Amino acid sequence: SQPAFVGAELASARFRRSGSDGRAEASSAPTRGTGGARDRLPVGAIRLGFKFVRGLRRHAAAAIEAEQAKAPFATVEDLARRCRLHAPELETLASLGALQGLGGASKPLPRRAALWQAARVAKPAGPLLETLPDEAPSPLPEMTEQEKTLADYAGLQLTLGPHPVAFFREGLARHGVLPAAELPRHRDGERVRIAGSVIVRQRPGTAKGMLFLTLEDESGMCQAIVSPDLFQENRKMIVGNPGLAVEGQLQKRDGTLSVRAERFWPLRDLAATPSHDFR
């Protein structure tokens, strides 16, 4: 069955706001943060819970909820100590922006700054850290929007920011690659190029070995149909890359759109999105 928050607006996991499970926000006020659209709180938003964070132990998520109910966490060190978090757990939470409320009353804690503090808390002082005062600012540049998206997928398998393909759109457009939403404007039989995150690779038993790919970009989804011989020739590329660009003929049948694939290119640097394969 689908999670209860499917179809709802989502908001990022945040200390002082999130529990172990997802929860509905009572207020529609904007959150204080550094992530732009990722930090806006829509009316009726579901705040992501810590149990959705990959690599965070279930009892650690429960400990976070229990401890912050007793008293808010003052610092990253306070969080780590009270909840007995492992270093990788602290780093993941920092990379997701979940620690931004632990930067003090005057300013949020950006992701790289949170990673810097997490490293100081988790590791014994070494040559790089031991000479710095406790409140020394992070020397690390803040994450770009694309780096935040990569971190979101690594830690949550979703993002509340731009779709991964959006960062490649300018380059894709130079090579004649169309957004999915523009396909209806083109005629049946026209040669087109599409690209996106591969979210489904499916070979139904009744389809005589045909492979159906569902590609998702920032505008929507589209389907590519791959013949058995073409799949065998390109199997490694099709199966081994999180995203693909596909060239072929546009087919319009009974109100549906698909591209009969002829050529492929990998999108290797695309954030890896969850996919449902060969079902």
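How many helices and strands does the chain have? The chain has seven helices and 10 strands. Before I go on, note that this is a predicted model.

Let me start with the chain as a whole. There are 279 residues, and buried residues make up 44% of them. Next, contacts. Take the contacts in the chain with a separation of 6 or more: residues 24 or more positions apart account for 61% of them.

Now some single residues. First, E89, which belongs to helix α3, residues 87–95. Is E89 buried or exposed? Its relative accessible area is 4%, and because the cut-off for buried is under 20%, E89 counts as buried. What does E89 touch, once its neighbours within four places in sequence are left aside? The residues in contact with E89 are then G55, L56, R57 and A60.

Second, N234. This residue sits in helix α7, which covers residues 228–240. N234 has a relative accessible area of 17%, so N234 is buried too, again by the cut-off of under 20%. There is also a distance to look at. N234 and R263 are 29 residues apart in sequence, and in space their C-alpha atoms are 9.0 Å apart.

Third, two cysteines. C83 has a relative accessible area of 6%, and C222 has one of 8%. Both values are under 20%, so C83 and C222 are buried. How many disulfides are there? The count comes to zero. For a pair of cysteines to be counted, their sulfur atoms have to be within 2.5 Å.

Last, the empty space. Rolling a probe the size of a water molecule over the atoms shows where such space is left. I will take the second largest pocket. How much space lies in the second largest pocket? The figure is about 460 Å³. The second largest pocket is lined by 13 residues, and those closest to its centre are Y153, Q157, L158, E216 and P274. What classes of residue make up the lining of the second largest pocket? Six are nonpolar, six are polar and one is charged.

To go back over the single residues: E89 is in helix α3 and is buried at 4%, while N234 is in helix α7 and is buried at 17%. The cysteines C83 and C222 are buried as well, and the disulfide count is zero. That is what I have for today.

Terms used. Residues are numbered from 1 along each chain as its sequence is written. This is a predicted model: local features need pLDDT of at least 70, side-chain atom pairs count only at pLDDT 80 or more; totals for chains, interfaces and linings use all residues. Side-chain values use heavy atoms; hydrogens and water are left out. Buried means under 20% relative accessible area, exposed over 50%, partly exposed in between (1.4 Å probe, protein chains only). Helices (H or I, at least four residues) and strands (E, at least two) are DSSP runs, numbered from the N terminus. Contact means heavy atoms within 4.5 Å. On a 1 Å grid over the protein atoms alone, a cavity is a set of points where a 1.4 Å probe fits but cannot get out, and a pocket is an open set with protein on both sides within 12 Å along at least five of seven lines; lining residues have an atom within 4 Å of a point. Grid points are joined across faces, edges and corners, and a volume is the space filled by probe spheres set on the points. Ala, Val, Leu, Ile, Met, Phe, Trp, Tyr, Cys and Pro count as nonpolar, Asp, Glu, Lys and Arg as charged, and the others, Gly among them, as polar.
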